[in-house]
Amino acid sequence: MGNGVREGQVDFKRQDVEPVTSTHLPSEDNQEKKKVLNSLMSGALAGAVAKTAVAPLDRTKIMFQVSSKRFSAKEAYRLIYRTYLNEGFWSLWRGNSATMVRVIPYAAIQFCAHEEYKQLLGSYYGFQGKALTPFPRFIAGSLAGTTAAMLTYPLDMVRARMAVTPKEMYSNIVHVFIRISREEGLKTLYRGFTPTILGVIPYAGLSFFTYETLKKLHADHSGKLQPSPPERLLFGACAGLIGQSASYPLDVVRRRMQTAGVMGHTYSSILLTMQEIIREEGLIRGLYKGLSMNWVKGPIAVGISFTTFDLTQILLRKLQHSTNVERWKHLADTIKSFTRKIFRFLKKLIRVLSNLLRKRPGAFLTSSRRYSQFPSFALQGKWKKREIPSL
């Protein structure tokens, strides 16, 4: 009888323990997979929304970067107006499809990698579940940006080519790949890769470092665990301002090297490219050309990007913990509200731009000499290679 009781107790314990060990690991794996998937989705949406919002400014900045024309806000506005007159309003978003093809995987990989690197560095330095110290915070951002840039660089090259060429030269993204590979070689797809990586390390490192640091300081001083959306936008804007200012000269070099094939130039190295830019245009006017536009565009884009990522992460976590009916209702309401805000923003943007472009048309058509150093498609809507001067 005693033996029977013991056996019964052992059997009971065995039955009680086995289900726990069999279900514990799969649930952890599922949680990790959901976390990675949420980061990828949130990052992709963040990148797409941010880049679309500033696409006209980004395209104008690239056109100044690849030319020897001196930058000013007035000249940038005139260039936007000429592009609008010759190619229409939506031409201001030319190359945005290529940007989306690059930005969506880039942002998804960058934000997801940043979350993973934070976790790895946290466990390595003993900060698991807590905020990282400044140096690991910077390293996590730099590694995330480098990982994303290495995996998506050819798409950035294609996007730069589409931004500075007319529709007649490249009909679509696939056509760009085919023509570059056939006429300039596959190596061209990675031209400018080194300055890109050298620029991404301080840019991504400082951006993520600044944003995470400001959120931590806000939590310490206000007592709130999470900042509000306007505060997130402000923190992201500060992060973008600092990150882009630190890496801007390398961004100019990268664009020159990427577009050398269609602008009649050959740049063999970073130092030679820098020397030529400084010799012809000067240190500040050459390597920091368009920086003032970046101070407008960059903070807006980075602020929107960080805010969209955080809010999407919060939304996806809420959906995972709600029932099916609540989940779909909440998702539908969120999409409806978000779509309404986007359309309202676009309507205001189009109205403002249209009013500005129609205000004083004669002032922008007085001198064609002002634009002789831009690719001719920006002036006439046609591609005439002989009219492109040497940079």
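Reader: At 10% relative accessibility, does Asp-310 count as buried or exposed?
Author: This is a predicted model. The relative accessibility of Asp-310 is 10%, and the cut-off for burial is under 20%. Asp-310 therefore counts as buried.

Reader: Where is Asp-310 placed, and which residues does Asp-310 touch, not counting residues up to four places away in sequence?
Author: Asp-310 has its place in helix H12, residues 291-320. Leaving out residues up to four places away in sequence, the residues that Asp-310 touches are Tyr-211, Lys-215 and Arg-232.

Reader: Which side chain meets that of Asp-310 in a salt bridge, and what is the N to O distance?
Author: Asp-310 lies in helix H12 and its partner in helix H7, so the pair ties together parts that are 95 residues apart in sequence. The salt bridge joins Asp-310 to Lys-215, with an N to O distance of 3.4 Å.

Reader: How many salt bridges are there, and which residues are linked in a network?
Author: The count of salt bridges comes to eight. The residues linked in a network of salt bridges are Glu-115, Lys-118 and Glu-212.

Reader: What separates Lys-216 and Asp-220 along helix H7, and how far apart are their closest N and O atoms?
Author: Lys-216 and Asp-220 are four residues apart in helix H7, so about one helical turn separates them. Lys-216 is partly exposed, with a relative accessible area of 35%, while Asp-220 counts as exposed at 51%. The two form a salt bridge, and the closest N and O atoms are apart by 3.3 Å.

Reader: Are Asp-251 and Arg-254 buried or exposed, and what is the N to O distance of their salt bridge?
Author: Both residues lie in helix H8, three residues apart, which is about one turn of the helix. Asp-251 has 11% relative accessibility and counts as buried; Arg-254, with a relative accessible area of 13%, is buried too. Their side chains meet in a salt bridge with an N to O distance of 2.3 Å.

Reader: Are helices H7 and H8 roughly parallel or antiparallel?
Author: Helix H7 (residues 193-222) packs against helix H8 (residues 229-258) at an angle of about 170°, and their axes are 8 Å apart. Angles over 145 degrees count as roughly antiparallel. H7 is therefore, relative to H8, roughly antiparallel.

Reader: How many nonpolar, polar and charged residues does the contact of H7 with H8 have?
Author: Sorted by class, the contact of H7 with H8 has four charged residues and nine polar ones. The nonpolar residues in this contact number 15.

Reader: What distance separates the C-alpha atoms of Ile-314 and Ser-42?
Author: Ile-314 is found in helix H12 and counts as partly exposed, at 26% relative accessibility. Ile-314 and Ser-42 are 272 residues apart along the chain, and their C-alpha atoms are separated by 9.6 Å.

Terms used:
Residues are numbered from 1 along each chain as its sequence is written. This is a predicted model: local features need pLDDT of at least 70, side-chain atom pairs count only at pLDDT 80 or more; totals for chains, interfaces and linings use all residues. Side-chain values use heavy atoms; hydrogens and water are left out. Helices (H or I, at least four residues) and strands (E, at least two) are DSSP runs, numbered from the N terminus. Buried means under 20% relative accessible area, exposed over 50%, partly exposed in between (1.4 Å probe, protein chains only). Contact means heavy atoms within 4.5 Å. Axes are lines fitted to C-alpha atoms, for helices over the stretch in contact, and angles run from 0 to 180 degrees between N-to-C directions. Angles under 35 degrees count as roughly parallel, over 145 as roughly antiparallel, 65 to 115 as roughly perpendicular and the rest as oblique. Ala, Val, Leu, Ile, Met, Phe, Trp, Tyr, Cys and Pro count as nonpolar, Asp, Glu, Lys and Arg as charged, and the others, Gly among them, as polar. A salt bridge is a side-chain nitrogen of Lys or Arg within 4 Å of a carboxyl oxygen of Asp or Glu.
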